[in-house]
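Here is a short report on one chain. It goes from the sheet to the domains, then to the ligand shell and single residues.

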Amino acid sequence: MAQIFAYIVHKNGVADDTALELLTAAKKIDPAASVTAIVTGEGSALDAVAGQVAKAYNEVWKFSAPVFAYPNAEAVRPLLVKVLPAGAILLVAHDTFGMDLAPGLSIKLNAALVTDVVGIEGLDGSTLKLVRQEFGGQVSTHVAADVSTGAVLTPRAGSFTAAEAAASGPVVDKSAEAGDLVVKRRFIEVVAAEVGDVDITKEDVLVSIGRGIEEQDNIEIAQDLAKAMGAVVSCSRPIVDAKWLEKSRQVGTSGQTVKPKVYLACGISGSFQHLGGLKGNPFIVAINKNAKAPIFQVADVGIVANILEFMPALTEAIEEGK
Ligand SMILES: Cc1cc2nc3c(=O)[nH]c(=O)nc-3n(C[C@H](O)[C@H](O)[C@H](O)COP(=O)(O)OP(=O)(O)OC[C@H]3O[C@@H](n4cnc5c(N)ncnc54)[C@H](O)[C@@H]3O)c2cc1C
């Protein structure tokens with residue numbers, strides 16, 4: 001049976017949504033596996049996270065030390081090399097921390113590395129079959145990884161549904177096993193993202209536009225639709241880069257993390273950097289003129305259409321229905 005571990009990222013005493021998604025991914029590798037969560041940090045925030053995660057995982061390993069106060073891969077990497085058993089499979093979310101941690105860790109462990117995992121087809125002997133994305137999500141690749149010496153996998157946020165809290169495992173304080181960890185990287189301050197005229201992180205319904213909007217003047221079309229729906233306009237990064245909307249409206253890994261109930265992705269391809277900012281399992285409606293756009297892989301409803309025609313028609317239909 002595979003020995004599966006999940007490294008859990010957290011902020012302000014709250015486990016990231018990916019905590020339960022990683023458990024689903026682990027069960028796809030081996031439904032019978034006992035899965036151990038690993039949390040690092042310090043103080044009461046760490047205790048709170050360990051308590052939350054213990055409601056779903058079979059066991060939680062807690063490592064408390066000042067060196068873990070910030071998510072620093074430079075400290076977590078040697079820790080995991082020290083404490084993971086030989087042949088272990090480790091899952092860590094494909095975010096900036098995971099991307100920092102995973103490659104070097106896989107080399108130190110002599111383990112397979114598969115990043116940006118969007119699907120897991122199962123374990124057959126020592127071969128693990130997975131689906132990952134390349135070229136900014138333009139290509140899905142089916143991978144057969146030899147995991148006989150272990151593996152480090154980084155599942156993409158939102159690609160696996162959050163597991164229900166089924167197990168209730170003990171929290172084991174393993175801080176003493178961390179030993180002395182010396183780091184050269186020093187965290188100075190956390191700079192909160194700017195909040196503009198609207199706070200898209202608090203909105204239930206977002207009409208989000210991407211490069212498919214084509215011209216700045218067309219943004220009005222999205223604003224009309226948002227108004228009709230009682231929603232707010234957000235966007236992908238190219239729209240901010242073009243200075244068509246403020247940075248505070250950008251969804252993604254270098255923008256805002258949003259948790260709407262409904263997300264209309266209009267002319268957005270679905271890069272992992274964009275989807276990385278979408279949390280809380282929203283109902284995603286994707287409108288894109290390219291039927292093969294990667295956004296359709298995560299959408300609950302997919303509409304192949306020209307947004308410049310579809311959005312005004314939808315606005316009109318909503319207004320008529322009022
Ligand atoms: C370090 C880093 C951080 C990043 N952070 C972010 C981030 O936080 N957020 C973010 O969004 N991106 C981010 N990116 C950029 C990201 O990689 C993508 O380039 C970006 O998300 C693509 O935006 P898009 O989907 O709007 O554009 P594109 O990828 O160009 O997609 C446009 C889509 O619109 C469709 N389309 C075109 N015309 C129409 C039409 N008339 N009707 C319907 N559909 C149409 C096309 O078929 C296409 O699918 C980051 C990149 C890097 C390297």
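## Terms and model

Two strands pair if DSSP finds at least two bridges between them. Helices (H or I, at least four residues) and strands (E, at least two) are DSSP runs, numbered from the N terminus.

This is a predicted model: local features need pLDDT of at least 70, side-chain atom pairs count only at pLDDT 80 or more, and totals for chains, interfaces and linings use all residues. Residue numbers start from 1 along each chain as its sequence is written.

## The nine-stranded sheet

Nine strands form an open sheet with mixed pairing. Their order is S9-S8-S7-S10-S6-S1-S4-S5-S11. Strand S9 (139-146) and strand S11 (171-173) are the edges, and each pairs on one side only. Neighbouring strands are turned by 35° against each other on average, direction ignored. Axes here are lines fitted to C-alpha atoms, for helices over the stretch in contact, and angles run from 0 to 180 degrees between N-to-C directions.

Helix H2 (residues 43-54) lies across strand S4 (35-41), S5 and S11. H2 runs at about 165° to S4. Two residues are in contact if their C-beta atoms, placed from the backbone, lie within 7 Å.

How many residues of strand S10 (residues 151-155) are buried? Five of its five are. A residue is buried if 20 or more other C-beta atoms lie within 10 Å of its own, exposed if 12 or fewer, and partly exposed in between; C-beta atoms are placed from the backbone. Both faces of S10 are covered. Ala151, Leu153 and Pro155 are buried on one side, Val152 and Thr154 on the other.

S10 is paired with S6 and S7. Strand S6 (residues 89-92) runs parallel to S10 over three bridges, with isoleucine 89 opposite alanine 151. S7 also pairs with S10 in the parallel sense, over four bridges. Valine 114 has leucine 153 as its bridge partner in S10.

## Two domains

The chain is divided into domain 1 (4-178) and domain 2 (200-321). These bounds come from an automatic or database domain assignment. The C-alpha centres of the two domains lie 30 Å apart. Their contact takes 15 residues from domain 1 and 14 residues from domain 2. On the domain 1 side, three of the residues are nonpolar, eight polar and four charged. Ala, Val, Leu, Ile, Met, Phe, Trp, Tyr, Cys and Pro count as nonpolar, Asp, Glu, Lys and Arg as charged, and the others, Gly among them, as polar.

Strand S12 (residues 205-209) is largely enclosed by the rest of the structure, because four of its five residues are buried. S12 is parallel to S14, with five bridges between them. Valine 207 is opposite leucine 264 in S14. S12 also pairs in the parallel sense with strand S13 (residues 232-235), over four bridges. In that pair, isoleucine 209 stands opposite cysteine 235.

## The ligand shell

There are 28 residues around the ligand. A residue is near a molecule or strand if its C-beta atom, placed from the backbone, lies within 6 Å of it. Which residues come nearest? They are Gly210, Gly212, Ser236, Gly252 and Ser269. H6, helix H7 (272-275) and helix H8 (307-321) each give two or more residues to this shell. The shell divides into six nonpolar, 18 polar and four charged residues.

## Residues to inspect

Aspartate 116 has a positive phi of about 50°, although it is not a glycine. Aspartate 116 is found in strand S7 (residues 112-124). Is aspartate 116 buried or exposed? Aspartate 116 is buried, because 20 other C-beta atoms lie within 10 Å.

Lysine 243 also has a positive phi, near 65°. Lysine 243 is in the loop between helix H6 (237-241) and strand S14 (262-266). Lysine 243 counts as exposed because there are 9 C-beta neighbours inside 10 Å.

Serine 126 lies in the loop between S7 and strand S8 (127-134). Serine 126 counts as partly exposed, with 14 C-beta neighbours inside 10 Å. Not counting residues up to four places away in sequence, serine 126 touches Asp146, Val147 and Ser148. Glycine 179 is 53 residues from serine 126 along the chain, and their C-alpha atoms are separated by 32 Å.
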